[in-house]
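Please open the structure in your viewer and keep the sequence panel beside it. The stops below are given in the order in which to select them, each with a short account of what is there.

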Amino acid sequence: MDSDKPWETVVEQLYKDLYPALHIYALRVLGETALAEEAIQDTFCIACAKREQCLASTDPRRWIMCTLKYVCQNVLRTQTKLKKLLLSLNTGECQDAGTPDLVSVDVLFGDLSDSEDFQLLKRIALNRCTMLEMAEELGISVESCKKRVQRARKRLQEKIHPCI
């Protein structure tokens, strides 16, 4: 890449050149168009945040592809952890001897279940809704949706810390 060009021009060209290949890869790994598009968006956000690293690499295109690979792995890991966690809560696998049977996530986390953020987290984890779908449904930006899910995850982790 020509390091004399402004970053905006470089990243725009990388996006145009790589998008088809990135999309095919992300779709194959994640299995959903919305997740693939979100992963690509996150990849370019990372590239913008770490533009010096990207530009300093011997091959910025390869740097972007590797970053997407790690983003996809993180998405899969996060989805798997959350699904296992919520399913284990529903089946009671995570309980200790002093904990009553778990009827549902809502019963166990009654103080959290009224929270819109918690309901959002459940929809994403159990119903496989994407951040984009939920953001559109709620009339908020994707970034706001991500932040709400992040807050709900944090509250849930704090609540079940002994089980993790």
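**First stop: a histidine and its surroundings**

Begin by selecting H23, which has its place in helix 1. Before going further, please keep in mind that this is a predicted model. With a relative accessible area of 16%, H23 is buried, since buried means under 20% relative accessible area. Now show the residues around it: leaving aside the neighbours within four places in sequence, H23 is in contact with T33, A36, E37 and I40.

**Second stop: the whole chain**

Zoom out next and colour the model by secondary structure, and you will find nine helices and zero strands in the chain. Read along the sequence, the pattern is α-α-α-α-α-α-α-α-α. If you colour by accessibility instead, buried residues make up 37% of the 164 residues in the chain. Of the contacts in the chain with a separation of 6 or more, 55% are accounted for by residues 24 or more positions apart.

A pair of aromatic rings is described by the distance of the centres and the angle of the planes, and both values can be followed here ring by ring.

How many aromatic pairs are there to look for? Counting rings whose centres lie within 6.5 Å, the number comes to two aromatic pairs. In one of them, the rings of Y15 and Y19 have their centres 5.3 Å apart and their planes at 45 degrees, so this pair is tilted. Y15 and Y19 are four residues apart in helix 1 (residues 7-30), and they are therefore separated by about one helical turn. Y15 is partly exposed, with a relative accessible area of 39%, and Y19 also counts as partly exposed, at 24% relative accessibility.

Turn next to Y15 and F44, whose ring centres are 5.1 Å apart and whose planes stand at 70 degrees, so that the pair is edge-to-face. Because Y15 lies in helix 1 and F44 in helix 2 (residues 33-49), the pair ties together parts that are 29 residues apart in sequence. F44 itself is buried, with a relative accessible area of 8%.

Just after helix 7, select R128, which takes a positive phi of about 60 degrees.

To see what makes the contact, show the side chains of L120, R123 and I124 of helix 7 together with M131, M134, E137 and L138 of helix 8. The residues of this contact between helix 7 and helix 8 divide into five nonpolar, no polar and two charged.

Conventions:
Residues are numbered from 1 along each chain as its sequence is written. This is a predicted model: local features need pLDDT of at least 70, side-chain atom pairs count only at pLDDT 80 or more; totals for chains, interfaces and linings use all residues. Side-chain values use heavy atoms; hydrogens and water are left out. Rings of Phe, Tyr and Trp (its six-membered ring) pair if their centres lie within 6.5 Å; planes under 30 degrees apart count as stacked, over 60 as edge-to-face and the rest as tilted. Helices (H or I, at least four residues) and strands (E, at least two) are DSSP runs, numbered from the N terminus. Buried means under 20% relative accessible area, exposed over 50%, partly exposed in between (1.4 Å probe, protein chains only). Contact means heavy atoms within 4.5 Å. Ala, Val, Leu, Ile, Met, Phe, Trp, Tyr, Cys and Pro count as nonpolar, Asp, Glu, Lys and Arg as charged, and the others, Gly among them, as polar.
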